[in-house]
Amino acid sequence: MKALTIQIGIFGRTNVGKSSLMNFMTNQKTSIVSEIAGTTTDVVWKQMELNPLGHITLFDTAGINDTSLLGAARIEKTKRAFDSSDIVILMCEAGKFGYFEENIIKEAEKRQTPCIIAVSKIDLNRPDEAFFESLKKYTKRILLFSSVTGNRDALLNSLKKFLIEVLPDNYIENYLSLRNIIKKDDTVVLVMPIDLGAPRGKIIMPQVQTVRHLLDLHAASYTVQDTEYETSLQNLKKQPALVITDSQAIKQVSSKTPQNIKLTTFSIIYAADKSDIVEMARGAATLNNLKDGDKILISEGCTHHASSDDIGRVKFPKWIREYSKKNIEVNYVSGQDYPKDLKDYKVIIHCGGCALNRKGMLARLNKALEAGIPMTNYGIAISVFNGAIEKVLEIFPEALSTYKTALKSNG
Ligand SMILES: Nc1nc2c(ncn2[C@@H]2O[C@H](COP(=O)(O)OP(=O)(O)OP(=O)(O)O)[C@@H](O)[C@H]2O)c(=O)[nH]1
Ligand code: SF4
Ligand SMILES: [Mg+2]
């Protein structure tokens, strides 16, 4: 199981604060902390959840600068932890960076393992500008940390940002939320209206991918247009495990779906696979609390030729104003033009992001959250506008409860 998680090893000299960092991150007394150098003599590991990346395993290791303190077997164990780390956190104190630290960096480079430097005990000794600058030649990913005065959320957010930047695409690319919902031999009804906006002779990417995922899960998919949906449901011998519809047909489809049948949209599945459905659901709640003068950013992942009723430029501004009945300023960006400064926006509504990979979408989401701005996506917003959001989020209970809690605290 450990092998399936992202493994992060904490390395550094004895007494630098490795075990304190481990305990701070896990929020538990996982590892023994003491002022005696050489306290940790064996590798200690702990798994924790770091959404949306999933499980990570943290290793706390022995400081192997003073080898006289340790037997060969223990040094070997720390080396093994080094070899199996996907990410190395190298801890040092301000002003103390020498041969030992450089050697760790060199070893990490040899293995092509990304390295993060954590400068510890900054409550006692804050690094000066010159020291901080000198670390930048090794990595631009530097955490300033104190286990006494530090903020755990801020630390985990910085770590998450670094992980998203450095982890190979396939680590976070092969995410498949349907795996937890659908099992072998289930039937899933897919509702795909072929309207004027549908590309000629083709099925759009999120729908194609869903069909592929269902095949991988050995489930059956049953594809219909919204016009045939009701009859198809009646014709099915076995109740479907799930109905997935195009967001734009959510109103009609939800009105024809019995309460006991689970219903969601391709956009919800896509948001769960490509970003963080819990954060996107939290962002969606903001749409119920808009005020005159609020600014909303519509962001699309690619530049495409806009038609006269383009969804981002025309339909969304109209839907937002109709739904909120408020005077809202709506700005639009596309492609690489993701703004540096997001702080004036009340919420960002992003497209599904089929042209971006999961890493790219997570980086955008993270940037918004760092600026304290919620984000949601097109399909989720459409379900809000059509009064079906709570139904379509049912298959992701944490997202649903986050949406409901955010609604209460916004209101
Ligand atoms: N003031 C302050 N003290 C710290 C901080 N982090 C760790 N310490 C203290 O530094 C000492 C060593 O901390 P540990 O976390 O045990 O260090 P370690 O790197 O795991 O040490 P070894 O296991 O011996 O290699 C302890 O007395 C901690 O209380 C910090 O951020 N601020
Ligand atoms: S979903 Fe976003 S990235 Fe995909 S085609 Fe539409 S605008 Fe481009
Ligand atoms: Mg220790």
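Analyst: Contact here means that heavy atoms lie within 4.5 Å. On that criterion, among contacts in the protein between residues at least 6 apart in sequence, 74% join residues at least 24 apart. This is a predicted model, in which local features need pLDDT of at least 70 and side-chain atom pairs count only at pLDDT 80 or more, while totals for chains, interfaces and linings use all residues. Residues are numbered from 1 along each chain as its sequence is written, chains are lettered from A and ligands numbered from 1 in the order in which they are written, and side-chain values use heavy atoms, with hydrogens and water left out.

User: What makes up the protein in terms of helices, strands and domains?

Analyst: There are 16 helices and 14 strands, where helices (H or I, at least four residues) and strands (E, at least two) are DSSP runs numbered from the N terminus. The protein is divided into domain 1 (2-167), domain 2 (177-268) and domain 3 (278-410), with bounds that come from an automatic or database domain assignment. Domain 1 and domain 2 have their C-alpha centres 46 Å apart, and the C-alpha atoms of the protein fill a box of roughly 75 × 50 × 40 Å along the principal axes.

User: Which residues are said to coordinate the magnesium ion (ligand 3)?

Analyst: They are Ser19, through OG, and Thr40, through OG1, at 1.9 to 2.1 Å. Ser19 belongs to helix α1 (residues 18-26) and Thr40 to the loop between α1 and β2 (44-50), so the pair ties together parts that are 21 residues apart in sequence.

User: Are Ser19 and Thr40 buried or exposed?

Analyst: Both Ser19 and Thr40 are buried, a term for under 20% relative accessible area, with exposed over 50% and partly exposed in between (1.4 Å probe, protein chains only). Buried residues make up 50% of the 411 residues in the protein.

User: Why is Leu124 given the class that it has?

Analyst: Leu124 has a relative accessible area of 69%, so it falls in the exposed class. Leu124 lies in the loop between β5 (115-120) and α4 (129-135). Its C-alpha atom is 48 Å from that of Tyr378, and the two are 254 residues apart along the chain.

User: What makes Arg152 partly exposed, and what does it touch?

Analyst: Arg152, in helix α5 (residues 152-166), has 26% relative accessibility and therefore counts as partly exposed. Leaving aside neighbours within four places in sequence, its contacts are Phe24, Met25, Thr26, Asn27 and Met48. Arg152 and Phe24 are 128 residues apart in sequence, yet their C-alpha atoms are 6.9 Å apart.

User: Where does the largest nonpolar core lie, and which of its residues touch the most other members?

Analyst: A nonpolar core is a set of buried Ala, Val, Leu, Ile, Met, Phe, Trp, Tyr and Cys residues joined through side-chain atoms within 4.5 Å. The largest has 72 residues, of which Ile277, Leu287, Phe316, Ile320, Ile349 and Leu393 touch the most other members. Because domain 2 and domain 3 both give residues to this core, it lies between them. Apart from it lies another core, of 29 residues, among them Leu21, Leu53, Ile89 and Met91.

User: How do you know whether the rings of Tyr323 and Phe385 are stacked or tilted?

Analyst: Their centres are 5.2 Å apart and their planes stand at 50 degrees, so the pair is tilted. Tyr323 in helix α12 and Phe385 in helix α14 (residues 378-385) are 62 residues apart, and the pair links distant parts of the chain. Tyr323 is partly exposed at 30%, whereas Phe385, at 17%, counts as buried. Phe316, Trp319, Tyr323, Tyr378 and Phe385 form one aromatic cluster.

Definitions and conventions
Donors = N, O, S within 2.8 Å, 3.2 Å for Na, K, Ca; no water. Phe/Tyr/Trp six-rings, centres within 6.5 Å; stacked < 30°, edge-to-face > 60°.
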